[in-house]
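Please look at the model below with its definitions in hand.

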Amino acid sequence: MIHFTRVFILLFVISITPLYGQKMFMHHWTKKDGLAHNYAFMMKEYKGKLWIGTDDGVSVFDGKSFKSYGIKDGLKSPYVIGFTENYSDSLYLFTWRGGIHVYDETADSIKTYPYLRKGKAQRLHRGLRIKNEIYGWQWSGAYYFNEEKRTSASLFLYTSVDSTLQLTTKKEGIKSPINLNFYKKSVPLGFARYQNKMLTYGLVSKGVRVVEGTELKGHFFQEALGDKIVSGFNKTRDGGALVGTRGKIYKLTPEGEISHEYIIPNNYYVNQMYQLKNGTIIASVHPNTTIQKSIAINPKDNSYFYLDRKLQTKSTSAAIYVDSKDRIWLSTQGDGLYMIENFDFNYINIKDIESPHILSINQYDSNHIIFSSTSKSYLINMEKDSLSVFKEFPLKSIYISENDSFQVFSTYTKSFTNTNDSIPIRWSRFAGRNDAGLWYMQEDSLKVFQRKKDNNYAMKKVFWRFPKGKIKIPNISKAIVKDNRVWVATKGAVSLYEYSKNYKLTLIKTWSGIFKQWEWINDINIDDPNGYLWTATTDGLYILDYTDIENATLKKIKSLDNVNCFTLKFDHLGQLWVGSMNGLAVFQDGILIREFDESSGLLSDQVTSIFESSNHQMWIGTHRGMINMPNHSLVKNISPPITLWKQEIYEAHSKQGAIQLPIDVSALSEMESLRLQYKLSQTSDWIDFPYQNTLTISNQFPGTYKLYLRGKTTGSEWSVPQEATLNVEGYFWEYPLFKVGIIILILTSVVYYSNILIKKEKGKSTELKKILKQKTAAQDKLTRVRKEIAQDFHDEMGNKLASITVLADLAAMKIKGKDEDTEKILSRIETQSKQLYTGTRDFIWSIDAQNDELGVIYDYIKDFGEEFFDDLEIRYHTHKELAGYDHLSLPQSWSLQLVFIFKEAMTNIAKYAHATHVYLSLSIKNSMVTFSIKDNGVGISDEQIVKNGNGLKNMKARINKLGAATLNIESNAGKGTAIIVQFKINFEE
């Protein structure tokens, strides 16, 4: 069986090859990727997926993974040879010795019917369906099925002696048949569905006949095809037809007129043919039944070449198929499945040039493209599709004028013209030319060169000091010189200048504020017809409407936000091509239309240069080589992926935790860049998720959710959101009604308990108010008592001590010179009474409650210091900064201890510091009170601090009485001493 399979399947093998180029954008899958078998037959696109017949069942490919059906899934034979060619509600599979099968999409299964397995139906290779009729065929035999009547019949087709195709349903009815010899003149039998008719052709019969039911009718397109033995027939995209014969392919109009003839190898007959959108013809050709080759024909010059050599497949091809998106699929006899996408792309990569990093591209003349890598520069002959070295060194920039033959080339070390005139500038890039001469960018300057009488170039003018923007790097990233306007982009700013013929640049305006601090400008480009300046930066793309300079602002394009954009190019259609770190983007009227990346055919996502040639080809330079693509019409998005819910309603339970929802996604193009999103309601946010044939949703509460699903690839828009319903059952305590009831119960309990607490708190509050009232009254009473005590002490003890001092002084005067011992005693009495009076005065002052205020304490110590240092050669400075806390009341007895501490400090300064300046300071910051006295004296040594003189001991003893305050002594030899007291406003902390 296998021998026969190999023989007859070669008859239907289809193969493809790109017309030009060194490499194709190709994908390859084998059994290790999930394909049912590496020996594959015919293919069919059905509802966004590719169906592949193999030696071990049928595989369905969604662009990422394969799903296979075999004997266990309903197939009567594992050898799936072909499919129906027309779109219908059902998909028909033709198997070897298994009959015709039907795929049931609803049940996701494959089944067959007895009337589809009769007689020759067991051995049909191909088939077509028209209305309720199915026609299957192989080699020279065919079979007919009427699905409505569930009837079938064998069709015996033969060529009569007059070279006319004949048909009978009984073998014995064949009259004078001509023996088939596929090695010479005859071709295999074929059927085609065209203009709502079923056509048949082949054998040694001339022309094409219409078949209805089990009868042949009139000839089809007899004037054009009447004398030709037709071996293949297929519809074209414009409604015409491709017709294959030995040695030729004809293109027919829908009216049946031959519009083109394409020559193929002599004596080869054509089996399958497709026409791509660009006009290229893809066909399988056969010198005999055991050999098949595949060709691609250029419709412009009728040239062709063989696909097998380009693909370098390990096995002979078995079939080709071109789907609705111009993707070319190739199955093989042992090497799996190939897919060629973007057939128009022409690749030059590391195998073709020494270094793949492309620096610059331009058109050298009408037939040649010049480009440079980081090692050499090259010429491409566009007519001969050949590559040659232009220079043995790289060209950093290439300028070729469209109006004259002037050319300028810049390397990393020099610049020269097409006539080999040297321009004396290094490490530069050409910026443009006008009446002033040639303009070059060199680091932070623009330099102008003019040709002298001896034809050499000399520098005429240098322009410096261009705006730097926020980033303080003056290097010029791009300059555009056009007539009397000069645009200059530095690393953080874009500036427009007006050039006057006296070599003067006048600044018109600078734009810089919008750029981030780290953002650099990579390129700028002018859209003259519309008055826009486009700016590519390390963070995105900006547009500036310069038709109104005064009000012009740079606006960021949201679709490329946070994308490192490298280079900009306008094509002849007005489209803007943007090369970035993420690939290639195409804008039309400021709107992003299409994106390309490695999944679309780019050699690398890092695009370095873009150029359009005169024949409207886009040349895209990357880090890994260069490609070119046709650009004859406006770029369009590819179709979005198909994203479907497998069910309209999903049922789940909250106990599952992770809910698995089967989905159906297919994206045969750019599947590597597929993005999928879902959301649980119309108003919720979209959520990204990876594609694994299921969507996993975790921890969903019971309820009914409206699901939405969508997808996109790099080159497509988002697909139309598909809707489904998710019903999540749950335990009774998970439902909102139960939760609301619990919440109401809790709230009721809280309110009830709160009322009880409020009543209790009201009672406590009343009692507390009474206590506070009593405390306030007691405090007021204590204040009055303290004031009375202070007054009494002042009146009684102060007066008595003053009287003692006066009496002692009078007694001393009376006995002066008479009794020396008594005089000394009286002197001591006078001194001690004065000291006692002074000390008593501080104590009496502290008893008065009004002197507990912080500001009053400061003023008391301040006044003492002024009096104390008045007779000394020490300047006394004071500073207070209380920020509204002057009336802060300190705890009882704090005022006396603070006065004693600072009096002790002043005494020590007078005795030991040898200071010339003293600073008393009181301040409050962050709820911390700082009370300090500093001097600029000799300071206290560490040894003295350790020994703790009496003065320091007294200070520490007094600070300990305060409890909530701290005392710090800071001293440096020769720099003075600081006594610092600190405490918080809240004395309890």
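Strands (E, at least two residues) and helices (H or I, at least four) are DSSP runs numbered from the N terminus, and two strands pair if DSSP finds at least two bridges between them. This is a predicted model, in which local features need pLDDT of at least 70 and side-chain atom pairs count only at pLDDT 80 or more, while totals for chains, interfaces and linings use all residues. Residues are numbered from 1 along each chain as its sequence is written, and side-chain values use heavy atoms, with hydrogens and water left out.

Q: What makes strand S7 and strand S8 a pair?
A: Strand S7 (residues 91–95) and strand S8 (residues 99–104) run antiparallel and are joined by five bridges, whereas at least two are required.

Q: Why are S51 and S54 said to stand at the edges of their sheet?
A: A second open sheet of four strands has the order S51-S52-S53-S54 and antiparallel pairing. Strand S51 (565–570) and strand S54 (591–596) each have a single partner strand, so one side of each is left without a neighbour in the sheet. Here neighbouring strands are turned by 25 degrees against each other on average, direction ignored. S51 pairs with strand S52 (residues 576–580) in the antiparallel sense over five bridges, and Phe570 has Leu576 in S52 as its bridge partner.

Q: Why are the buried residues of H9 said to line one face?
A: Buried means under 20% relative accessible area and exposed over 50%, with partly exposed in between (1.4 Å probe, protein chains only). The buried residues of H9 are Gly951, Leu952, Met955, Ile959 and Leu962. Seen down the axis of H9, they fall within an arc of 95 degrees, and therefore line one face of the helix, the arc being that of the directions from the helix axis to the C-beta atoms. The face turned away from the buried side of H9 carries the exposed residues Asn950, Asn960 and Lys961.

Q: Why is the pair of Tyr135 and Phe191 called stacked?
A: Rings of Phe, Tyr and Trp (its six-membered ring) pair if their centres lie within 6.5 Å, and planes under 30 degrees apart count as stacked, over 60 as edge-to-face and the rest as tilted. The centres of Tyr135 and Phe191 are 5.8 Å apart and their planes stand at 25 degrees, so the pair is stacked. Tyr135 lies in strand S11 (residues 133–138) and Phe191 in strand S15 (residues 187–194), 56 residues apart.

Q: Why does the pair of Tyr143 and Phe145 get the word tilted?
A: Their ring centres are 4.8 Å apart, but their planes stand at 55 degrees, so the pair is tilted. Tyr143, with a relative accessible area of 5%, is buried, and Phe145 counts as buried at 0%.

Key: Axes are lines fitted to C-alpha atoms, for helices over the stretch in contact, and angles run from 0 to 180 degrees between N-to-C directions.
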